[in-house]
Amino acid sequence: MRNPGRALLCAVMLLVVRPDAGHAQVFLAARPHPEFAIGPLFVVANVRPDLGPITVTISWSLTPAPGKRAVDIEQDLFLMWPNELVESTAPGAFDPALGRELEERGFTVGTGGRLALGTRDQTQMGTGAPVTPIAETASFVSFSRRAGPAAALGYSTFVKIPWTPKLADPRALVVLSLPTRGLVTPRPATWFEEAFWGRRWVLSAGFGDLGPPALPLFPLYFEYRDRVVRIGRELALVVANFADSNHLRIEEIGPASATRRPSRLRAGAEIVTMPLAASEGVAAQMLRVQFSYFAGMIAWRPILVSAVLLALGNLAGFILLSRDVSQFLRARLHVRRRVEPEFAQLAGGALPRTVADRIVPGSTTESDVRTLCGRPDEEHHRRGSGQRRTLVYRGTRRLPSPRRALGPLSTVHHWEEEQHELEIELDGDRVSAVQSRVRRQRASG
């Protein structure tokens, strides 16, 4: 029988150590204490509206320490990448020695393959010119922990980059493209936020973040921490390219050093840039962008949800005030129900005197009154001995008067308005008294 306490502990550990997507990469040298640095360095993530696998392009060069030459730093490089790569970009199988090295350290080896390497010289930098391929290719292997809660955290990737003189060429950059998943994750939100704004996403990209120790990268870093290649003082940037900026809404970027601007090379693209600071070791520097894509000419979801909420608010107000509204319409616009007597349905019709005369105190019942007059406009209940109530009926009649001319081009219309009110007092189920009022007022227009 499984231990429920252990299962709960495993679940808690997974929640605590689950990494944010897009932890950045770390370069390792083949020999301890490398006498060179990474610089310049450009990490570019290209985001499409379909939010499919993101291609991250890393462009870099190696800068020897003072007093050293390019031939003094000749060695392979290794890249620790915290996400699983989607596919190979060059033909061929991965280096078997790379897989054996990971298996000997207790990891489970997954898929692998080859990645194309290219170069771009100083005249092509920032122009969007195609990369010039080189003969060497990088080998990569995905791996994970074998057992325990950390095995559920997924795969990381270990990349071996063979030495090429282009790595130390001061007039060119080596370019490596990594098609990867997991850089974009849903932003945690309540159901109301998602209903109002739609699903929002967070892109995380940068350099130097290994994530929590539960990730399979951490044991490799701990073993090879004396081989970490630092970032030099040369220019280093993290760039996020967002396509289709006409349907893009960027809500938040961080840290404060990050900037946003339209692309100067690609029409309809938005660029978010963050500079990377020089470091002596592993220092996490992450760019985070909260964004969403929408369909159509505008972001219709907030407008539609606002309109629905406004309509519901008005409907709720109408329901709460329906009695007052009904009384207003009946008194001012003379709107009556079809089940009421004919005189009550006539616009502007008052209670006929013959109807009032048929109400006899002491003999007419409430049911007779409602049959003759319909639904009352008001009902009053009086506390005291017995069950005393008052039914109030109202009606309005407009009597036109002769027109009076003010001049050859204008006349004044006069009318007389009669406001009829009939109060019927009930003692129990019988009429005890009847009182009628007529108010008259003159108006002109």
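## Terms first

Here, partly exposed covers residues between the buried class, under 20% relative accessible area, and the exposed class, over 50%. Lys68 has a relative accessible area of 35%, so Lys68 counts as partly exposed. Keep in mind that this is a predicted model.

## The overall tally

For salt bridges, the cut-off is a side-chain nitrogen of Lys or Arg within 4 Å of a carboxyl oxygen of Asp or Glu. By this rule, the model comes out with 15 salt bridges.

## Glu35 and Lys68

Lys68 pairs up with Glu35 through their side chains, at 3.1 Å from N to O. The two sit 33 residues apart and link distant parts of the chain: Glu35 is in the loop between β1 (26–29) and β2 (36–47), while Lys68 is in the loop between β3 (54–64) and β4 (77–81). Glu35 is partly exposed too, at 41% relative accessible area.

## Asp72 and Arg69

Another pair is Asp72 with Arg69, where the N to O distance is 4.0 Å. Asp72 is partly exposed at 36%, whereas Arg69 reaches 56% and lands in the exposed class.

Glu421 and Arg394 form a salt bridge at 3.1 Å, N to O. Glu421 belongs to strand β20 (residues 414–427) and Arg394 to strand β17 (residues 388–400), so this contact ties together parts that are 27 residues apart in sequence.

How values were computed
Residues numbered from 1 in each chain as written. Predicted model: local features only at pLDDT ≥ 70, side-chain atom pairs only at ≥ 80, totals over all residues. Heavy atoms only, no water. Helix = DSSP H or I, 4+ residues; strand = E, 2+ residues; numbered from the N terminus. Buried < 20%, exposed > 50% of the residue type's maximum accessible area, 1.4 Å probe, protein only.
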